[in-house]
Amino acid sequence: MSAKTPQIRHIRETLLSDNWYTLKKCTYEIQRRDGRWQQQTRESYDRGDGAVILLYNQAKNTIILIRQFRLPLYINGYPHFLIEAAAGLLDNASPEERIIAETEEETGFRIEKIEKVYEAYMSPGSVTEKLYFYIAEYHDGDRINSGGGLTEEGEDIEVLEWEFPKALAAIKSGEIVDGKTIMLIQHIALNNILKGH
């Protein structure tokens, strides 16, 4: 990987909040491409890294999604429950361990064999979080409970089994607006893992 490394100096951090996760204000100097140094101030929100997974069934040409309330979207004018792939923060576990546990908690499916797709930063202008993306094949017999998440964490999750063409159409219509979910659905489509028609 031939990534260029920025030249940064004189970083000063101010803690603005650690009520839920960590919000910091950072002032620093960065060397511009013309060689001059410029002072900048930015805020960054550290909520830890996470993992996301899309379950698919080749025989039925279906995927498993979840639907739940997301306050930041509601505040931003999105009035619906969000349809998304199962996901969660790592909480000091490995991405693989966490996503297997999260899948069972949220969807009710117990999976063992997962495939890592990629890693991505979802909102790098303000959030430190890196997401680990996975897919896994599921079968009806893998469902060991009804899912729904953890009540003590405020989760009230509806589990959805959709035919894959419906999910693709939902991206186009705006019914699915979650970035991580769109990325995984498109990965499934681009790699011909499921049929789009």
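This is a predicted model: local features need pLDDT of at least 70, side-chain atom pairs count only at pLDDT 80 or more; totals for chains, interfaces and linings use all residues.
Glu-84 belongs to strand β6, which covers residues 82-84. With a relative accessibility of 1%, Glu-84 counts as buried.

Two polar contacts involve the side chain of Glu-84: one with the side chain of Arg-70 at 2.9 Å, and one with the side chain of Lys-180 at 2.7 Å. Beyond its neighbours within four places in sequence, Glu-84 is also in contact with residues including Leu-65, Ile-66, Gln-68, Asp-178 and Thr-181.

## Salt bridges at Lys-60

The whole structure contains 15 salt bridges. Side chains of opposite charge can pair when their charged atoms come close. Lys-60 takes part in a salt bridge with Asp-140, where the closest N and O atoms are 2.8 Å apart. Asp-140 sits in the loop between β9 and β10 and Lys-60 in the loop between β4 and β5, so this pair ties together parts that are 80 residues apart in sequence. Asp-140 is exposed at 52% relative accessibility, while Lys-60 is partly exposed at 32%.

Lys-60 also meets the side chain of Glu-161 in a salt bridge, at 2.7 Å from N to O. Here the link runs from the loop between β4 and β5 to strand β10, where Glu-161 lies, and the two residues are 101 residues apart. Glu-161 is partly exposed, with a relative accessible area of 41%.

## Annotated binding site and pocket

An unreviewed UniProt entry places the feature "binding site" at Ala-87, Glu-102, Glu-106 and Glu-155. These positions are spread over 69 residues of sequence but cluster in space, with a largest C-alpha distance of 12.2 Å. The lining of the largest pocket includes Ala-87, Glu-102, Glu-106 and Glu-155.

Ala-87 is in strand β7, residues 86-89, and is buried, with a relative accessible area of 13%. Not counting residues up to four places away in sequence, Ala-87 touches Ala-51, Val-52, Ile-99, Glu-102, Glu-106 and Lys-180. Glu-106 is in helix α2, residues 95-107, and is buried as well, with a relative accessible area of 2%.

In soluble globular proteins, nonpolar side chains tend to be buried together. The largest nonpolar core in this model has 26 residues, and Leu-54, Ile-63 and Ile-176 touch the most other members. Two or more residues of this core come from each of β4 (50-57), β5 (62-68), β8 (115-121), β9 (130-137), β10 (158-163), α3 (164-173) and α4 (179-190). Apart from this core lies another, of 13 residues, among them Ala-51, Ala-86, Ile-111 and Ala-136.

Leaving aside neighbours within four places in sequence, Leu-54 is in contact with Ile-63, Ile-64, Leu-65, Ala-85, Tyr-134, Ile-135, Ala-136, Leu-184, Ile-185 and Ile-188.

Note on methods: Residues are numbered from 1 along each chain as its sequence is written. Side-chain values use heavy atoms; hydrogens and water are left out. Helices (H or I, at least four residues) and strands (E, at least two) are DSSP runs, numbered from the N terminus. Buried means under 20% relative accessible area, exposed over 50%, partly exposed in between (1.4 Å probe, protein chains only). A polar contact is a pair of N or O atoms within 3.5 Å; within protein, one must be able to donate a hydrogen and the other to accept it, and residues adjacent in sequence count only if both atoms are side-chain atoms. Contact means heavy atoms within 4.5 Å. A nonpolar core is a set of buried Ala, Val, Leu, Ile, Met, Phe, Trp, Tyr and Cys residues joined through side-chain atoms within 4.5 Å. UniProt positions are given in the numbering used here, feature names are shortened, and annotations may be inferred rather than shown by experiment. On a 1 Å grid over the protein atoms alone, a cavity is a set of points where a 1.4 Å probe fits but cannot get out, and a pocket is an open set with protein on both sides within 12 Å along at least five of seven lines; lining residues have an atom within 4 Å of a point. A salt bridge is a side-chain nitrogen of Lys or Arg within 4 Å of a carboxyl oxygen of Asp or Glu.
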